[in-house]
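Keep the picture open and turn it around as you read.

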Amino acid sequence: MRAGPWRITLVTNPDDCTLHCLMCDGHSDLARLARPRAGPPRRMDLGLPRRILDERHGSCLGEVIPSTMGEPLLWPDLDGFLDLCAERGVKVNLTTNGTFPGRGAAGWAERLCPVSSDVKISWNGATARTAESIMRGLDFGAALANARAFFSVRDRLAARGAWRCRVSFQVTAMEANVAELPGMVRLAASLGVDRVKVNHVQVHFGELEAQSLRRAPEAVRRWNEAVRASRAAAEEARRPDGSRVALQNLVELSPEGEPAPRGPCPFVGREAWVTVDGRFAPCPAPGAARGRLGDFGSLPERTLGEIWESRPFRDLVAGWPDHPVCRECTLRRPGGA
C-alpha cells in the first residue's frame, strides 16, 4: 500500500449545528461573541472529497470523518458522501450531537450503520439538568429516546447478518459534569453503548478556564476520583449482552496538578485533516487549523500524497515532540488511555 494517513477528517460544514454547547469552539455563545461570522454557512463541495478518495485509492486509508465541527447530519452532500465511501470501500466515522435532524434517529441508523465503523454521540451528563446546561438547546429526554431508537436499528441490522458498527458516547469532561462521569458509564451500559470516550475540555476561551480539570490540585482530585468510580461502574454495570463498556482516556493525573507524563501523539504522521476551504492540517488541535504548526498547502492545489511526502510535513513528523504547541497539547494520550 502507498504511504499516507489511515484516516482523514474533512471539515465539511462547520457552521451548521442544532445546539450551542458550552465548550464548542464554533457554536457556543462565547464563540459567537469572540468570532462573529457574516455571510452564508461554509460547506465543502462533494467534489473535494471525491478527488481526495480517488487519489488515495490503493493507500492505507481506512476511514473518513465528515466534520467534527458542526453537525455533519446537516451537510447537504452527506448522502452523496456516504455513497462515495461505500463505493471506495472506506468506512465512515461520524460524530453527531444526538439530535438526529432530518431523518430522525431510526432513519439515520438505517443510513449510517451499514457504512460506518463508529458513530459517536456527544453525551455530557447523566441527568437532564447537567446535560442540558452544557449542550444548550438539547432535550435530554428526546436524546435518550433517540439513542434507544438508533441502537434498536443497529442491533436489528446486525442480527440479520449485516455489518455491526460501533456506537460510542463522546464526553467532554469538565467541572460541570465530572461528578456524573460514573453515571454516564452506567447509562451507556444500560443502553448498549460500546465505548465511552472522554476528552478533557479545551480552554478555547478564558471563561472556560474554571471548567478545566487540570487547572489545580483540587480539580485533579475530582477528576481522579471520577476516573476510579467510572472504572468501577464499568465493571459493575454491564451491557445487555453481559460485556463491559470500553473506556477511553479515563486516566488519572498527577495529584499535584502537574501534567501527566505524555505519551505519543496519536495524530501527527498517522491522520490528516482538511479544512472546509481545503487547507491541510496535521492534527485536530485548534492551533493546527490556524497554521500554528506550519503551512503545508491546500488540497485543491496539491494532492494529499504530495503534501504527505513534502519536506515541511516530514520535518514536523520527525520533530513534533519539540514543537511548543505539541509540548502543551492536551490531546496527547498518556499511558494506559
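We'll go from strands to a helix, then on to charged pairs and cysteines.

First, some ground rules: this is a predicted model, so local features need pLDDT of at least 70 and side-chain atom pairs count only at pLDDT 80 or more, while totals for chains, interfaces and linings use all residues. Residues are numbered from 1 along each chain as its sequence is written, and side-chain values use heavy atoms, with hydrogens and water left out.

Start with strand 7, residues 166-173. Helices (H or I, at least four residues) and strands (E, at least two) are DSSP runs, numbered from the N terminus. Is strand 7 mostly covered or mostly open? It's mostly covered, with 7 of its 8 residues buried. Here "buried" means under 20% relative accessible area, "exposed" means over 50%, and "partly exposed" is in between (1.4 Å probe, protein chains only).

Which strands pair with strand 7? One is strand 5 (residues 116-122), in the parallel sense over 5 bridges; another is strand 8 (residues 195-200), also parallel, over 6 bridges. Two strands count as paired if DSSP finds at least two bridges between them. To find these pairings on screen, look for S122 opposite Q170 in strand 7, and for T172 opposite N199 in strand 8.

Now follow the chain from strand 7 through helix 7 (residues 181-191) to strand 8: together they make a right-handed β-α-β unit. Right-handed means that, with the strands pointing away from you, the path from the first strand over the helix to the second runs clockwise.

Next up is helix 8, residues 217-236. Its 20 residues should span 28 Å at 1.5 Å a residue, and its end C-alpha atoms are 29 Å apart, which agrees. (The expected span is 1.5 Å times one less than the number of residues.) Several of its residues are buried, including A219, W223, V227 and S230. What do the buried residues of helix 8 pack against? They pack against strand 7, helix 7, strand 8 and strand 9 (246-248), where contact means heavy atoms within 4.5 Å.

Helix 8 also holds a charged pair. E218 forms a salt bridge with R221, with the closest N and O atoms 2.8 Å apart. A salt bridge is a side-chain nitrogen of Lys or Arg within 4 Å of a carboxyl oxygen of Asp or Glu. Why can these two meet? Because they are 3 residues apart in helix 8, E218 and R221 are separated by about one helical turn. An α-helix has 3.6 residues a turn, so residues three or four places apart point the same way. E218 is partly exposed at 45%, and R221 is partly exposed too, at 36%.

The whole structure has 27 salt bridges. In another of them, R244 meets E235 at 2.9 Å, N to O. R239 and D241 meet at 3.2 Å; R239 is buried at 8% relative accessibility, whereas D241 is exposed at 56%. Salt bridges with shared partners join R154, D155, R164, D194, R239 and D241 into one network.

Last, the cysteines. How many disulfides does a search of the whole structure find? It finds 0, a disulfide being a pair of cysteine sulfur atoms within 2.5 Å. For C60, the nearest cysteine sulfur, that of C85, is 15 Å away. C283 is buried at 9% relative accessibility, and its sulfur is 6.0 Å from the closest cysteine sulfur, in C265, so the two are too far apart for a bond.
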